[in-house]
Amino acid sequence: MDAFRDAILQRAPIESFALKTVQQFIQPQKQTKLAQDENQMLENMLRTLLQELVASAAQSGEQIMQYGQLIDDDVDENIHGQIPHLLDVVLYLCENEHVEGGMIFQLLEDLTEMSTMKNCKDVFGYIESKQDILGKQELFARGKLVMLRTCNQLLRRLSKANDVVFCGRILMFLAHFFPLSERSAVNIKGVFNTSNETKYEKDPPNGISVDFNFYKTFWSLQEYFCNPASLTSASTKWQKFSSSLAVVLNTFDAQPLSEEEGEANSLEEEAATFNIKYLTSSKLMGLELKDSSFRRHILLQCLILFDYLRAPGKNDKDLPSETMEELKSCEDRVKKLLEITPPKGKEFLRAVEHILEREKNWVWWKRDGCPPFEKQLIDKKSANAGQKKRRQRWRLGNKELSQLWRWADQNPNALTDSQRVLTPAIADYWKPLAEDMDPSAGIEDEYHHKNNRVYCWKGLRFAARQDLEGFSRFTDFGVEGVVPVELLPPEVRSKYQAKPNEKAKRAKKEETKGGSQETEGNQIGVSNSEAEAEGGRGEAEAMESDAVADTPTPEEQQRLGGSDTDNGQEAGQIEDTETEEAGLMDADLDHPPMPVS
């Protein structure tokens, strides 16, 4: 800290000692740029040094921006305070990216918080003088929110009646510092300053000559001007407001102002130097009604309120059609009163309408996302621009279909290319869902892939084609059961594995299904034997006598069967012989032989 304290007392150029001082204090890993922890350590040291300098300036009774001034030998009036010199050193380091860019904004915020309002004007003068450097993109992106917070804190501390000029300086700085498309300049929620309450007398004082009912009705309009959104919440409020406004407008019509009264009571030239906050005393009601500036103030508030109710984005649901018609008639009446209010009523009304129209365009531009103002360059007109161009005709009706058709002619294999149509493997497709099912991943249920219907539907189609066994688990476990078990962690895999008894049941069902298929095959063989027997019935009848003569006796059949078994005849051949004999027997039963004559 002592090194920086001595550095800000030097008269040499900042670039000759700023980075060297930082390197001596921090000893960074990189010679020209600090790391994150090094930036934090430097920022804490600078904020502590700034706090000590401000405390020393307060004890000495000097202004903080002139404390510890250095007077040059050649020019005696060239005064530099220690705090501005410290800020210049930090600004140089931030501009050249030796330190973190938001450090200068943090020091300026601390300085405004530790200073009185009188000293804040000098601090803000320093900020205005460095506006071009602070507004550079590398610094603006780091500290725009800090600068916005600093200016808003200053506006809260200032008095809107006594510090009007300083408030205007801050608002003008923000308008130049932030771009037009900055969302910070948009009142997105439409919040109104309801704290600006207008207080007036509720009970009539003694000895008053003015109509107190009119006085209460007149100043009650400020409640609606302060919060225009309240008129759209209930129809009764709009009726009350319209009745009160009609009373005020009738009074203005009944008491018109002459040109002499308007010029005598006009405060246009003086009003440019201070902010008007009219007094609400009932004793001044008569004088205020004769003031043209006072009338214009009230009538202009009415136009602003009407413009809000018909602002872009407002629909007919907020106010009914009857209310919108009444609002239009009230607006025409207010404009007529502004036009006849001296001096220069017509010129004043045109200026107000122009301002409200620009405000409406501003609101539209903000709500449309701040599109750029720059327009594209228009190409120069060709020599034949005046001639009517013939509309181009496409082969298949439009450009896209014709282009696809031409591509198909040029590349017939485009639709069958393996690189174009690629079905993922079942394991690769279910991998994201398997990661979601892992408890160690800590993914909440609402973010699981199982909630994506399209993803699950495609996965079930893949499983039905590539993994039929996994697809069968969908009935018991849902879509999570279709995921291959090898992708799941061990603690989850056991939950979705098929049970042994289920596998046995499934195998038994497959065996039963296979046996039924064999029975059907046998039935088909029997029917074929019947057809053959029917076709060869004539031959059977012709050779029946020979067959009967050659048929062996039962004892011979038994002896022959035993010899065949001893000779090693295969079991399958025996079964086939028995099947053929059974077929012949069935054929004989269905079609018995004709008797031999």
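**Aromatic rings and their surroundings**

Tutor: In this predicted model, one aromatic cluster is formed by Phe124, Phe140, Phe166, Phe173, Phe177 and Phe178.

Student: How many aromatic pairs does the structure hold?

Tutor: The structure holds 22 aromatic pairs. One of them joins Phe173 and Phe177, which are stacked, with 5.2 Å centre to centre and 15 degrees between the planes.

Student: Where do Phe173 and Phe177 lie?

Tutor: Both are in helix α9 (residues 164–177), 4 residues apart, which is about one turn of the helix.

Student: Is Phe173 buried or exposed?

Tutor: Phe173 counts as buried because its relative accessibility is 3%, under the 20% limit. Phe177 also counts as buried, at 7% relative accessibility.

Student: What about Phe225 and Phe241?

Tutor: Their ring centres are 6.2 Å apart and their planes stand at 80 degrees, so this pair is edge-to-face. The pair links distant parts of the chain, with Phe225 in helix α10 (residues 212–226) and Phe241 in helix α11, 16 residues apart. Phe225 is buried at a relative accessible area of 13%, and Phe241 is buried at 0%.

Student: Which residues is Ser244 in contact with, leaving aside its neighbours within four places in sequence?

Tutor: Ser244 is in contact with Thr217, Ser220 and Leu221. Ser244 lies in helix α11 (residues 235–254) and is buried, with a relative accessible area of 9%.

Student: Changing topic, where does the charged end of Arg296 sit?

Tutor: The charged end of Arg296 sits over the ring of Phe348, 4.4 Å from the ring's centre.

Notes
Residues numbered from 1 in each chain as written. Predicted model: local features only at pLDDT ≥ 70, side-chain atom pairs only at ≥ 80, totals over all residues. Heavy atoms only, no water. Helix = DSSP H or I, 4+ residues; strand = E, 2+ residues; numbered from the N terminus. Buried < 20%, exposed > 50% of the residue type's maximum accessible area, 1.4 Å probe, protein only. Contact = heavy atoms within 4.5 Å. Phe/Tyr/Trp six-rings, centres within 6.5 Å; stacked < 30°, edge-to-face > 60°. Lys NZ or Arg CZ within 6 Å of the ring centre and 35° of its normal.
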